Amino acid sequence: MVGRSERLGSSGHGRGSVPDEDVEIIEVSEKHGPLYNAIPRMPLPLAVVLCIFNIVIPGLGTFFTSWACLCGCKTKLGSPAKAFGLNLLSAILQMLSFVLIVGWVWSIIWGMNFLQISIAKRDQSDHEPVKPYYVRRQSSVVE
């Protein structure tokens, strides 16, 4: 049987690692599918209400979310019509699969995604750079 140190080699590092350099991870981003990317960035109070709707009646909050796409809430997809269609499809599938309990769990998870995206939007707006402005100073030299 081969030991762990023998599998990793003499340096103790796994495949793809650089033994002599320090590596710094600058940014980590998740790759999501089109259904997740269709969820709009809503104001937090609206996201809370729609999350509660999704918990009480599976798919209802997602149905209203599809209409929020057409009312100006931005998505990662960019196209409001495509986001509307994908959210409407998600709502219908959540309502139909509710019988198998899968739709209810999916609906609750979707409602939590509404909140996460809304909170992330609020955090990003707090860190927006301040626009520079021009200030004309009066000269202190007397002529």
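How many disulfides does a search of the whole structure find? The search finds 0 disulfides, a disulfide being a pair of cysteine sulfur atoms within 2.5 Å.

The model is predicted, so local features need pLDDT of at least 70 and side-chain atom pairs count only at pLDDT 80 or more, while totals for chains, interfaces and linings use all residues. Residues are numbered from 1 along each chain as its sequence is written, and side-chain values use heavy atoms, with hydrogens and water left out.

**View A. Cys71 and Cys73 are each in no disulfide.** For Cys71, the nearest cysteine sulfur is that of Cys73, 7.3 Å away. For Cys73, the nearest cysteine sulfur is that of Cys71, at 7.3 Å. Cys71 counts as exposed because its relative accessibility is 66%, whereas Cys73 is buried at a relative accessible area of 17%. Buried means under 20% relative accessible area, exposed over 50%, and partly exposed in between (1.4 Å probe, protein chains only).

**View B. Cys73 sits in the loop between α4 and α5 (80–96).** Helices are DSSP runs (H or I, at least four residues), as are strands (E, at least two), numbered from the N terminus. Leaving aside neighbours within four places in sequence, Cys73 is in contact with Pro40, Arg41, Met42, Pro43 and Ala68; contact means heavy atoms within 4.5 Å.

**View C. Helix α3 (residues 44–56) crosses helix α4 (residues 60–70) at roughly 140 degrees.** The two axes come within 6 Å. Axes are lines fitted to C-alpha atoms, for helices over the stretch in contact, and angles run from 0 to 180 degrees between N-to-C directions. The pair α3 and α4 is therefore oblique: angles under 35 degrees count as roughly parallel, over 145 as roughly antiparallel, 65 to 115 as roughly perpendicular and the rest as oblique. From α3, Leu50, Phe53 and Asn54 meet Leu60, Gly61, Thr62, Phe64 and Thr65 of α4. By class, this contact has 4 nonpolar, 4 polar and no charged residues. Ala, Val, Leu, Ile, Met, Phe, Trp, Tyr, Cys and Pro count as nonpolar, Asp, Glu, Lys and Arg as charged, and the others, Gly among them, as polar.

**View D. Ser66 lies in helix α4.** Ser66 counts as buried because its relative accessibility is 0%. Its side chain reaches the backbone oxygen of Phe63 at 2.4 Å. Beyond its neighbours within four places in sequence, Ser66 is in contact with Phe84, Asn87 and Leu88.

Technical notes:
A polar contact is a pair of N or O atoms within 3.5 Å; within protein, one must be able to donate a hydrogen and the other to accept it, and residues adjacent in sequence count only if both atoms are side-chain atoms.
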